[in-house]
Amino acid sequence: MEHSSVRQLLRGTQQNEAEAKRRRLTLYFISYVGGIIMAVMAWINIEGGDTLLVGSLAGSAAVIFANVILSHVFPRYDLFYYIAGLIVCFTINALVYTGGLNNTGLYFIFPLLFIQIIVVRYKPAILYVTVTLGLSMLMLFNQDKIAAEYPPEHVSRFLIATFCFVCVAFIGEYFWHQSRREMLQENLERMRQANTDPLTKLPNRRFLEAVFFERAMQDPASYFPLSTVVVDIDHFKRVNDKFGHDIGDEVLIHFCELMRKTVRNTDVVARTGGEEFLVLFPHASLSQAVKLAEKMRKTIEENPFVKGDIHHPITASFGVATALTDSNIHATLKQADDNLYTAKNSGRNRVVN
């Protein structure tokens, strides 16, 4: 997994926990409150005899409740937010068309527009509001084709007030998103530092436990079968004893670059100890993982560390195991570790599964 992919995974984890919760709770609150208000208004207007207005309000309330109930059943889908935005668009233009009770429908447009802005994501909301107000203006300037009647002074003042309201609302949303993005970037950098080995720039054990495995448990279909490979550099202590720790660090960096070159973009190479690493192959069978590990072993063996007068061969031992489901991931990691010790005890520089 590339450094940018790790960063993206961290970003997704942080956004999912904060932004998704905010949007979901906002949708729930607005839908239940708004649906109840529309249902009550439909009931109140029954006596007025305006069948079109009552039908529009009752229909909007029914669709709102159906949409929010489905969002409970399928909480990961963003479709319900955009449906809510379309419901608001329909409701606003139904109020403009019918005029509401005694042509007072225009007064309800402002809170509905605000709902549309905050329920739909910031950028799509621009399109939603533009279409909604475009349809409304088309009806307001062609009142001979709608049921409502609005005095010209009401129309002009409504449009001016709406323009000011929309500008202020979008400016507020824009700066909220900007400040949130800055906070997200700062938190993301802290997360990256906490989840990355400072020397090799590889993900560390914390990343594996707190991010990768957690994500795999939540969405097993995207990761399993998950093959694990525990890697240990052979006789690394001799490098430090012979050349010093500075050269030892450079050997580690060289070793990591070789491993990175032999894995797929979806794979993860993490440093779990001094000279020990864990490679994860999502959606890879045991035979595929053994082939990938053998390719990695050969690449390492064929590319010794070279610097000045130093020409030091490098080899590594590999223990491979595969988890078919998320229920046996910990047993698989232990099995891979046991296989690594078998490889080391069998002469090193080999792959054991």
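Which residues in H2 meet which residues in H3? Leu-52, Leu-53, Ser-56, Ser-60, Val-63, Ile-64, Asn-67, Leu-70 and Ser-71 in H2 meet Phe-80, Ile-83, Ala-84, Ile-87, Phe-90, Thr-91, Ala-94, Leu-95, Tyr-97 and Thr-98 in H3, where contact means heavy atoms within 4.5 Å. By class, the contact of H2 with H3 comprises 13 nonpolar, six polar and no charged residues; here Ala, Val, Leu, Ile, Met, Phe, Trp, Tyr, Cys and Pro count as nonpolar, Asp, Glu, Lys and Arg as charged, and the others, Gly among them, as polar.

The model is predicted, with local features needing pLDDT of at least 70 and side-chain atom pairs counting only at pLDDT 80 or more, while totals for chains, interfaces and linings use all residues. Residues are numbered from 1 along each chain as its sequence is written, and side-chain values use heavy atoms, with hydrogens and water left out.

Helix H2 (residues 51-73) and helix H3 (residues 79-98) pack at an angle of about 170°, and their axes are 10 Å apart. That makes H2 roughly antiparallel to H3, since the term covers angles over 145 degrees, with those under 35 counted as roughly parallel, 65 to 115 as roughly perpendicular and the rest as oblique. The axes are lines fitted to C-alpha atoms, for helices over the stretch in contact, and angles run from 0 to 180 degrees between N-to-C directions.

For the protein, the secondary structure comes to 11 helices and seven strands, taken as DSSP runs numbered from the N terminus (helices H or I, at least four residues; strands E, at least two). An open sheet of five strands has the order E2-E3-E1-E6-E7, with mixed pairing, and two strands pair if DSSP finds at least two bridges between them. The edge strands are E2 and strand E7 (351-352), each of which pairs on one side only.

E2 and E3 run antiparallel and are joined by four bridges, forming a hairpin with four residues between them; within this pair, Ala-270 stands opposite Leu-278 in E3. In a regular strand the side chains alternate between the two faces of the sheet. From strand E2 (residues 268-271), Val-268 and Ala-270 point one way and Val-269 and Arg-271 the other way, and all are buried, that is, under 20% relative accessible area, with exposed meaning over 50% and partly exposed in between (1.4 Å probe, protein chains only).

Helix H9 (residues 245-262) lies across E1, E2, E3 and strand E6 (316-323), running at about 15° to E3, whereas H10 lies across E1, E3, E6 and E7, running at about 165° to E6.

Some backbone details occur in loops. Most residues other than glycine have a negative phi, and most peptide bonds are trans. A cis peptide bond, with omega of about 5°, joins Phe-224 and Pro-225, and Pro-225 lies in the loop between helix H7 (205-218) and strand E1 (226-233). Asn-103, in the loop between H3 and helix H4 (109-119), has a positive phi near 60° and counts as partly exposed at 32% relative accessibility. His-283, in the loop between strand E3 (276-282) and helix H10 (286-301), has a positive phi of about 55° and is partly exposed, with a relative accessible area of 43%.

Finally, the C-alpha atoms of the protein fill a box of roughly 90 × 40 × 25 Å along the principal axes, and buried residues make up 45% of the 353 residues.
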